[in-house]
Amino acid sequence: MKKNGILNSEISKVLSEMGHTDTIVIADCGLPIPKEVKRIDLALKQGTPSFLEVLEALVADMEIEKVTLAQEIKDFNAELEDVLENKFTDKDYVSHEEFKKLTQQAKAVIRSGEAAPYANIILHSGVIF
């Protein structure tokens, strides 16, 4: 049994198989997930687990080179955008429509129970050496 880090076996497996520049998405409970992308559904009920709870677990267990956000987060979820602004230095902003297209290339989409608008992020894998 794992002692530290992410205990969810599906997330742990995806992270261990990721290479430099591969992506994984953390999504709110409303983001459409492409059929061809692995869905890891953690949503228990509205708000549980929160976007930030899932993000904190991944940040602790993953080397992140940069992140991609929907530009609409600035207007519709400024509080979360402020948190992310302080957490990540390298950020790309794209339209929400472009964001949804980019999820098609992800190794997996982790669905949280988050119900706040535009609480979605694409994490781009860095390299540990």
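A nonpolar core is a set of buried Ala, Val, Leu, Ile, Met, Phe, Trp, Tyr and Cys residues joined through side-chain atoms within 4.5 Å. Here, buried means under 20% relative accessible area, exposed means over 50%, and partly exposed falls in between (1.4 Å probe, protein chains only).

## Before we start

This is a predicted model, where local features need pLDDT of at least 70 and side-chain atom pairs count only at pLDDT 80 or more, while totals for chains, interfaces and linings use all residues. Residues are numbered from 1 along each chain as its sequence is written, and side-chain values use heavy atoms, with hydrogens and water left out.

## The cores

The largest nonpolar core holds 25 residues, and Ile24, Leu58, Leu84, Ile121 and Leu123 have the most contacts inside it. At least two residues come from each of α1, β1, α2 (51–61), β3, α4, β5 and β6. Those labels are DSSP runs numbered from the N terminus: helices are H or I with at least four residues, and strands are E with at least two. The top contributor is α2, which gives 4 residues. There's also a second, separate core of 11 residues, with Val25, Leu31, Ile33 and Val109 among them.

Which residues does Ile121 touch, leaving aside its neighbours within four places in sequence? The list includes Ile24, Val25 and Ile26, along with Phe51, Leu55, Leu84, Phe88 and Phe99. Contact here means heavy atoms within 4.5 Å.

## The sheet

Now for the strands. Two strands count as paired if DSSP finds at least two bridges between them. Strands of a sheet pair through backbone hydrogen bonds, either parallel or antiparallel.

Take β3 (residues 64–70): 4 bridges join it to β4, and the two run parallel. Val67 has Lys91 in β4 as its bridge partner.

## A closer look at β1

Is strand β1 (residues 23–27) enclosed or open? It is largely enclosed by the rest of the structure, because 5 of its 5 residues are buried. In a regular strand the side chains alternate between the two faces of the sheet. In β1 both faces are covered: Thr23, Val25 and Ala27 are buried on one side, and Ile24 and Ile26 are buried on the other.

## Rings and a charge

A search of the whole structure turns up 1 aromatic pair. The ring centres of Phe76 and Tyr118 are 5.7 Å apart and their planes sit at 35°, so the pair is tilted. To count as a pair, rings of Phe, Tyr and Trp (its six-membered ring) need centres within 6.5 Å; planes under 30 degrees apart are stacked, over 60 edge-to-face, and the rest tilted. Phe76 is in helix α3 (residues 73–76) and Tyr118 is in the loop between β5 (108–111) and β6 (121–125), so the pair ties together parts that are 42 residues apart in sequence. Phe76 is exposed at 53% relative accessible area, while Tyr118 is partly exposed at 23%.

Elsewhere, the charged end of Lys74 sits over the ring of Tyr93, 4.0 Å from its centre. That label requires NZ of Lys or CZ of Arg within 6 Å of the ring centre and within 35 degrees of the ring normal.

The peptide bond from Thr48 to Pro49 is cis, with omega near -10°, and Pro49 is in the loop between β2 and α2. Thr21, in the loop between α1 and β1, has a positive phi near 80° despite being a residue other than glycine. Tyr118 also has a positive phi, near 60°.
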